[in-house]
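These are my notebook entries on a single protein chain. I record what I looked up and the criteria that I applied.

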Amino acid sequence: MHTTIVALATPPGAGGIAVVRLSGSDSYAVAEQVFRPINPEKKVREAKGYTAMFGHFVQDGVVLDEVVALFFRGPRSYTGEDVVELSCHGGMVIAQTLISACIKAGAQPAAPGEYTQRAVLNGRMTLTQAEGVMDLISAAGRQGAALAQSALNGSLAKTIQGHRQKLLELAGHLAAWVDFPEEDVPQLEQSNLLQVLNEVRQGMTALVDGYGAGAVLRQGVDVAIVGSPNVGKSTLLNWLAGFERAIVTPIAGTTRDVVEQAVMLADIRMNLFDTAGIRQTDDVVEAEGIRRSHSKMEQAGLVLAMFDTSRPLTDEDRELAKLCGNYRAIALLNKADLQPVWDKQELEAHFGAVVEISAATEQGKQDLEQAVRQVLGVDKLDYSLPCLVSQRQLAAAVSAQQALEQAIQAQRDGFGLDAVSVCLDDALEALYQLSGEQASEQVIEEVFSKFCVGK
């Protein structure tokens with residue numbers, strides 16, 4: 001925190017500009033050694049916050065590039081410290097030379113996430129907001145970005161603070177009543193106690209329940225395409241990908257290994273896995289592909305099971321349908337452009353949705369998008385509401401939820417208020433961990449180690 005750090009704030013490689021960011025008490029002094037304003041009357045050390053200067057990157061008296069310098073005075077900057085951003089022409093040579101010059105002038109290379117970590121330590125944002133920054137950077141789609149932006153705006157932190165305040169008032173009342181029996185402290189009414197506990201528990205339950213769907217929008221989902229040979233799995237993959245990613249032939253067993261392709265469907269990043277056709281076979285190589293098909297079903301967040309409606313259902317089809325009842329799965333009834341020979345009601349009991357499509361003629365995509373959103377639960381998400389954006393937050397929220405359930409059960413089972421008080425303390429500790437106010441140094445280091453350098 002006492003050093004001035006420097007890093008490339010834009011992605012490495014060729015581009016219109018590259019931004020080199022300095023943060024720390026010596027940012028202006030370091031910038032003054034590498035940046036020369038085009039107007040000699042302007043002084044870097046005297047630059048006000050939220051101003052810009054045009055000039056040159058100068059090293060050993062030689063002009064190497066034109067540069068625009070942006071100045072931010074602490075505490076009204078991203079990190080809460082003095083910040084200077086130097087925008088040079090894109091390309092690794094100039095940017096790296098500029099960074100090296102800044103290091104030679106006294107700056108230290110920034111660690112992953114160190115800028116945002118300093119923002120948290122300087123009180124510019126909470127840990128939950130910082131995790132929203134990371135999620136916004138890695139969001140896989142527009143709606144995922146909206147959820148991350150909600151976290152960045154502090155909606156989760158405000159919600160947790162509201163829940164915590166309710167519990168603190170209860171805990172204070174209980175502590176006074178338990179610890180100072182000689183004082184005339186009124187006992188809490190059971191109805192009021194249970195009401196507050198239930199309100200906060202319901203709030204935590206909503207956050208926990210919404211995590212999975214939110215994670216799908218922010219990070220995407222692995223999707224296994226399964227089915228018997230020649231039902232159209234590879235054709236579906238190629239249709240959704242927009243090009244011929246998988247080999248398609250009328251020969252059963254053409255796909256012998258898992259073929260992967262990322263696509264965007266209904267603003268959801270889907271990592272599609274075209275698997276080998278599931279059937280009985282004596283071919284050792286094909287059998288290994290089928291084993292991998294079953295393994296991918298177990299790992300996937302969504303299963304698309306394909307069936308050919310133009311031919312009778314086989315025993316293997318029915319076994320696959322029963323197996324899909326254990327997963328989040330959608331039945332795709334392929335070849336909807338042909339006359340069906342069986343009714344879709346035979347499969348409905350095993351799937352979250354049944355959709356008629358034609359992978360060959362590309363019919364039914366809108367119905368497929370709607371079914372994917374429904375089965376994954378993203379159609380019910382309100383992007384304006386707070387959401388959890390990391391496994392760390394989820395674990396803390398679950399701990400708080402469980403502690404509150406234990407407090408409610410203790411009260412209903414007739415245990416003393418001291419037992420309820422212990423559960424309340426556990427819930428409060430979990431909420432403090434969730435907001436980051438009582439997060440250990442090890443946890444904070446773990447959070448920021450996942451950031452990219454420069455942010």
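The entries below run from the whole chain to single residues.

**Basis.** I worked from a predicted model, in which local features need pLDDT of at least 70, side-chain atom pairs count only at pLDDT 80 or more, and totals for chains, interfaces and linings use all residues. Residues are numbered from 1 along each chain as its sequence is written, and side-chain values use heavy atoms, with hydrogens and water left out.

**Whole chain.** I looked up the secondary structure and found 14 helices and 13 strands; helices (H or I, at least four residues) and strands (E, at least two) are DSSP runs, numbered from the N terminus. Of the 455 residues, 49% are buried, where buried means under 20% relative accessible area, exposed over 50%, and partly exposed in between (1.4 Å probe, protein chains only). The accessible surface comes to about 21800 Å², and carbon and sulfur atoms hold 49% of this area; I used the Shrake-Rupley method with a 1.4 Å probe, and for residues only the protein chains shown count as cover. Among contacts (heavy atoms within 4.5 Å) with a separation of 6 or more, 66% join residues 24 or more positions apart.

**Helix 8.** How many residues of helix 8 are buried? I found seven of the nine in residues 233–241, so helix 8 is largely enclosed by the rest of the structure. Lys233 and Trp239 are among these buried residues. Glycine 242 follows helix 8 and has a positive phi, near 90 degrees.

**Glutamine 401.** I located glutamine 401 in helix 12 (residues 391–412). Glutamine 401 is buried because its relative accessible area is 12%. With neighbours within four places in sequence left aside, glutamine 401 contacts Arg201, Met204, Thr205 and Val208.

**Aromatic pairs.** I found three aromatic pairs; rings of Phe, Tyr and Trp (its six-membered ring) pair if their centres lie within 6.5 Å, and planes under 30 degrees apart count as stacked, over 60 as edge-to-face and the rest as tilted. One of them joins tyrosine 50 and phenylalanine 72, with centres 5.5 Å apart and planes at 85 degrees, so this pair is edge-to-face. Tyrosine 50 lies in the loop between strand 3 and strand 4, and phenylalanine 72 lies in strand 5 (residues 62–72), 22 residues apart. Phenylalanine 307 and phenylalanine 351 are also edge-to-face, because their planes stand at 80 degrees, with centres 6.0 Å apart. Phenylalanine 307 is in strand 11 (residues 302–308) and phenylalanine 351 in the loop between strand 12 (329–334) and strand 13 (353–356), so the pair ties together parts 44 residues apart in sequence. I noted relative accessibility of 0% for phenylalanine 307, which counts as buried.

**Charges over rings.** For this entry I required NZ of Lys or CZ of Arg within 6 Å of the ring centre and within 35 degrees of the ring normal. Arginine 73 has its charged end over the ring of tyrosine 28, 3.8 Å from the centre. Arginine 21 lies over the face of tyrosine 115, at 5.3 Å from the ring centre.

**Backbone.** Most residues other than glycine have a negative phi, and most peptide bonds are trans. I found a cis peptide bond from glycine 74 to proline 75, with omega near 5 degrees. Aspartate 60, not a glycine, has a positive phi of about 55 degrees and lies in the loop between strand 4 and strand 5. Aspartate 60 counts as exposed because its relative accessible area is 69%.
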